[in-house]
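Subject: Structure handover

Hello,

Please find the structure below, with the sequence. My notes on its core, ring pairs and pockets follow.

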Amino acid sequence: DESPRAALSWVSLANHHLEANAPADAEPLFARARETLERSLGAKHPLTAQLLGNIARMRHLQGRYADAAALLDESVGALVELVGEQHPMIASFVLYRGEAHAALEDFAAAEADFERALEVFSSVGGAPHDAARCKFALAKLLRAQDIQSDRQIELAREAAAAYDEQGLGDEAAAVRTWVAS
């Protein structure tokens, strides 16, 4: 079966492999799903764009940060055309792209992505965990560049509070440890 429904099943199975730390098993499933979705729905369809985000996640886990960033560029571009700039999914994918840029030590691009993601999270909401993660990622990035020390602490404290609100005490504790260091 080469239908979008089958493709979504392959994506689900691929994500399961990623969670089991088996990206080599996930990769062919993602490739098959991408081919199927692009053929049946087109490259500029929300499901296809979301799939690119999943593939980017896999690339990030594999340490292939440049590939992840490029896929997220493609995904974000398609999603902006489909849903506009102000959408929670845009914020999450821009956050993920910022993390890829940070791993590549492209601090200017990472900072721009984190700022953009925070702007969208604050205006339209989105996944609270991702918003907290974005604040902490930006705080760490600012510290790595030894700039805006007051803002670093403010962002980190906001992230810790958000994690607490979500019942994510371990994440909040990690942020507080970072602040104290």
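A nonpolar core is taken here as a set of buried Ala, Val, Leu, Ile, Met, Phe, Trp, Tyr and Cys residues joined through side-chain atoms within 4.5 Å. Buried means under 20% relative accessible area, exposed means over 50%, and partly exposed is in between, with a 1.4 Å probe and protein chains only.

This is a predicted model, in which local features need pLDDT of at least 70 and side-chain atom pairs count only at pLDDT 80 or more, while totals for chains, interfaces and linings use all residues. Residues are numbered from 1 along each chain as its sequence is written, and side-chain values use heavy atoms, with hydrogens and water left out.

Core

The largest nonpolar core holds 55 residues, and those that touch the most other members are Phe30, Leu51, Phe114, Cys134, Leu138, Ala156 and Val175. H7 supplies the largest share of this core, nine residues. Helices (H or I, at least four residues) and strands (E, at least two) are DSSP runs, numbered from the N terminus. Leaving aside residues up to four places away in sequence, Leu51 touches Val11, Phe30, Ala33, Arg34 and Leu37; contact means heavy atoms within 4.5 Å.

Ring pairs

Rings of Phe, Tyr and Trp (its six-membered ring) pair if their centres lie within 6.5 Å; planes under 30 degrees apart count as stacked, over 60 as edge-to-face and the rest as tilted. The count by this rule is two aromatic pairs. In the tilted pair, Phe93 and Tyr96 are 5.9 Å apart centre to centre, with 35 degrees between the planes. These two are separated by about one helical turn, because they are three residues apart in helix H5. Phe93 is buried at 9% relative accessible area, whereas Tyr96 is partly exposed at 25%.

The edge-to-face pair is Phe136 and Trp178, at 5.3 Å centre to centre and 85 degrees between the planes. Phe136 is in helix H7 and Trp178 in helix H9 (residues 169–180), so this pair ties together parts 42 residues apart in sequence. Both Phe136 and Trp178 are buried.

Pockets

On a 1 Å grid over the protein atoms alone, a pocket is an open set of points where a 1.4 Å probe fits, with protein on both sides within 12 Å along at least five of seven lines; lining residues have an atom within 4 Å of a point. A volume is the space filled by probe spheres set on the points, which are joined across faces, edges and corners.

The largest pocket has a volume of about 290 Å³. Of its 13 lining residues, Gly53, Arg57, Tyr96, Glu99 and Arg133 are the closest to its centre. Helices H3 (46–61), H4 (65–83) and H5 (88–103) each give two or more residues to this lining, and H3 gives the most, seven.

The second largest pocket has a volume of about 190 Å³. Its lining includes Glu99, Phe114, Arg133 and Phe136. H5, H6 (107–124) and H7 (128–144) each supply at least two of the lining residues, with H7 giving the most, six.

Regards
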